[in-house]
Amino acid sequence: MNISIIGTGYVGLVTGVCLAKKGHKVICVDKIQSVVDSINNGITPIYEKNLNEFLIDVLGDKLEATTDIKYAVENSEISIIAVGTPFTEGKIDLEYVKEAAYDIGMVLKEKKDYHVVCVKSTVIPTTTDTIVLNILEVASGKKLGEFGLVMNPEFLREGNAVEDFMNPDRIIIGTIDDTSFDVFSKIYKDYFSAPIIRTNTRTAEMIKYATNALLATLISFSNEIAAVSEEIGDIDAVEFLEGVHMDRRLSVNIDGKLIKPDIVKYLKPGRGFGGSCFPKDVKSIISFSESLGYVPRILKSVIEVNDFQTERLLNLLKEKIGELNSKSITVLGLSFKPGTDDIRESQSIKLIKSLQEKGALIKCYDPVAIENAKKELKDYSNIEYFDIYKDALVNADAAVIMTDWDVISSIGYDEFKKLMNNPVVIDGCRIFDKKEAQSNDINYVGIGCR
Ligand code: UGA
């Protein structure tokens with residue numbers, strides 16, 4: 001099929017390149033000329049595993065980029081809106097989605113052939129069948145039926161986005177009418193083996209929010225229960241959550257082999273969640289629900305527990321080394337999770353800001369996220385950046401582990417002992433074994449094992 005994708009950020013570009021790789025003809029649209037040039041030159045403007053290799057494979061024959069939305073819509077049967085939805089003033093900002101819908105609608109005014117518009121950006125339930133539909137109808141002068149409209153959420157994890165797109169677990173298509181569904185589902189039918197689930201557009205929008213809210217809730221649940229066990233003392237949350245995982249409703253025993261679904265990974269205590277999705281999505285659904293008159297109490301607590309994680313790490317530090325003023329603290333890991341240089345809503349950046357306010361001298365290490373962190377922390381002093389972890393550990397009074405990069409989990413106990421003033425290790429990711437660390441003379445404490 002011929003498909004245009006509006007927006008070449010992380011979702012748009014992965015979608016465009018992967019659909020081209022599956023055999024469709026794709027036109028990517030972006031307003032920024034340098035981004036378009038970069039794509040047309042075979043260089044992805046964002047880093048995502050395997051994306052650049054796939055782009056080079058499909059460029060020219062199956063994919064092109066342009067700033068000209070008219071050309072893209074005229075030469076495609078389907079337009080996918082994959083623009084950003086930033087979080088401003090306590091709610092999701094739909095400006096770019098509205099703009100894209102308007103621009104597409106203006107082209108549809110003149111276009112004779114049937115055309116389906118798809119909303120892929122994460123939007124609050126009701127956005128597609130009210131705001132987007134209204135804009136399309138006004139701009140095109142046509143009614144739904146003369147053009148099609150669907151909502152098709154994405155479930156792409158940063159760092160695994162290409163793999164997640166090529167091998168989805170489910171494909172959700174929200175539609176109001178049959179023709180939109182019949183035309184749009186051709187993108188996936190015969191190309192992907194995952195089940196296609198048809199819903200209305202609001203349900204499709206809600207599936208996305210509910211999925212992220214559930215995962216974020218599991219993380220905050222684990223951190224809450226870990227906090228309770230810290231107060232009780234002599235209970236390790238990693239150990240008892242392992243016992244929880246083995247419940248037959250979470251892990252399945254098949255022929256004597258225990259199969260642990262990925263979801264149990266989210267049942268692990270740690271420094272809390274970050275990134276461009278969980279915090280924003282949970283806050284957006286809270287504020288939308290409140291605007292309708294319902295206060296979502298669990299979701300509010302999910303954010304509250306997550307925000308409190310920095311305080312807990314600071315408390316663990318103080319218990320080990322006393323007041324933080326003038327102490328040398330090494331922060332290991334800056335990105336919100338391993339496999340990315342993304343520091344948006346990173347718990348590590350929040351910790352560094354708090355440490356700096358308390359007068360600590362900070363040395364931080366990350367294999368890839370230093371440049372982004374420098375930009376975010378440009379107004380903060382007393383921070384040194386290292387791309388070699390050993391240099392960051394020299395003469396430190398304590399080290400805090402904030403991102404579970406392999407390179408960090410393979411640091412030897414001897415290295416902590418040799419390089420630091422005191423081998424005090426605060427494990428925000430629970431990557432080291434408490435007993436093993438302590439028996440190697442590391443003054444170790446982690447979230448959930450005080
Ligand atoms: C998340 C979802 O996993 C995707 O399914 C979804 O499509 C995406 O948001 C989105 O809305 O676009 P992502 O933000 O890339 O993807 O990252 P995750 O791997 O889910 O991790 C999110 C945060 O939770 C990270 O800070 C991670 O470190 C943290 N986390 C994850 C934990 O603290 N503990 C865990 O056990 C797992």
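This report covers the ligand site and the nonpolar cores of a predicted model.

Local features need pLDDT of at least 70, and side-chain atom pairs count only at pLDDT 80 or more, while totals for chains, interfaces and linings use all residues. Residues are numbered from 1 along each chain as its sequence is written, and side-chain values use heavy atoms, without hydrogens and water.

**Ligand site**

The shell around the ligand has 19 residues, each with a heavy atom within 4 Å of the ligand. E158, K208, N212, K265 and Y266 come nearest. By class, the shell divides into 8 nonpolar, 3 polar and 8 charged residues; Gly counts as polar and Pro as nonpolar. Two helices (DSSP runs of H or I, at least four residues), α9 (201-232) and α11 (278-292), each supply at least two shell residues. α9 gives the most, with 3.

| Residue | Atom in the residue | Distance to a ligand oxygen |
|---|---|---|
| E158 | backbone N or O | 2.7 Å |
| R271 | polar side-chain atom | 3.2 Å |
| K337 | side-chain N or O | 3.0 Å |

Taken alone, the ligand exposes 710 Å², and the protein buries 90% of that. Areas come from the Shrake-Rupley method with a 1.4 Å probe.

**Nonpolar cores**

A core joins buried nonpolar residues (under 20% relative accessible area) through side-chain atoms within 4.5 Å. The largest has 42 residues. I6, I81, I104, V117, V132, L136 and F273 have the most contacts inside it. Beyond four places in sequence, I81 has contacts (heavy atoms within 4.5 Å) that include I6, V97, I104, V117 and K120.

Key: Buried means under 20% relative accessible area, exposed over 50%, partly exposed in between (1.4 Å probe, protein chains only). A polar contact is a pair of N or O atoms within 3.5 Å; within protein, one must be able to donate a hydrogen and the other to accept it, and residues adjacent in sequence count only if both atoms are side-chain atoms.
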